[in-house]
Amino acid sequence: MRRRVEIDELKDADGNLEFAVGDRMQAVVVSTAGGLTLSRKLARGAATARQLEDAFHTGLPVEGKVERAVKGG
């Protein structure tokens, strides 16, 4: 089975790769379409709108914390 992580999720703030082939990392599944798409950011609690949308479309549960109410939605 094919597994995929976006390259930007493997880089530090300076753009340097934080991982080498064979390294272990913590990630969560964000999509199962065409293989597994994984996210380190989501595992650390920083999801992008695209990742949340992918999880919604594939029926994957997500957890979150309500931080504030916004008038009108």
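Along strand 3 (36-39) the side chains alternate.

The model is predicted: local features need pLDDT of at least 70, side-chain atom pairs count only at pLDDT 80 or more, and totals for chains, interfaces and linings use all residues. Residues are numbered from 1 along each chain as its sequence is written, and side-chain values use heavy atoms, with hydrogens and water left out.

Strand 3 pairs with two strands. Strand 2 runs antiparallel to strand 3, joined by 3 bridges. Strand 1 and strand 3 pair in the parallel sense, also over 3 bridges. Two strands count as paired if DSSP finds at least two bridges between them. Strands (E, at least two residues) and helices (H or I, at least four) are DSSP runs, numbered from the N terminus. Within strand 3, Leu 38 stands opposite Val 29, and Thr 37 stands opposite Arg 4. The hairpin of strand 2 and strand 3 has 4 residues between the strands. In this hairpin, Gly 34 takes a positive phi near 70°.

The second largest pocket has a volume of about 240 Å³. Of its 13 lining residues, the closest to the centre are Glu 6, Glu 9, Thr 48, Arg 50 and Gln 51. Strand 2 (28-31), strand 3 (36-39) and helix 2 (49-58) each give two or more residues to the lining. Helix 2 gives the most, with 3 residues. The lining divides into 2 nonpolar, 4 polar and 7 charged residues. Ala, Val, Leu, Ile, Met, Phe, Trp, Tyr, Cys and Pro count as nonpolar, Asp, Glu, Lys and Arg as charged, and the others, Gly among them, as polar. A pocket is an open set of points on a 1 Å grid over the protein atoms alone, where a 1.4 Å probe fits, with protein on both sides within 12 Å along at least five of seven lines; lining residues have an atom within 4 Å of a point. The volume is the space filled by probe spheres set on the points, which are joined across faces, edges and corners.

Glu 9 lies in the loop between strand 1 (3-5) and strand 2. Its relative accessibility is 5%, so Glu 9 counts as buried. A polar contact of 3.1 Å joins the side chains of Glu 9 and Ser 39. Such a contact is a pair of N or O atoms within 3.5 Å; within protein, one must be able to donate a hydrogen and the other to accept it, and residues adjacent in sequence count only if both atoms are side-chain atoms. Not counting residues up to four places away in sequence, Glu 9 touches Ser 39, Arg 40, Lys 41 and Gln 51 (heavy atoms within 4.5 Å).

Glu 18 is found in the loop between strand 1 and strand 2. Glu 18 is partly exposed, at 41% relative accessible area.

Methods. Buried means under 20% relative accessible area, exposed over 50%, partly exposed in between (1.4 Å probe, protein chains only).
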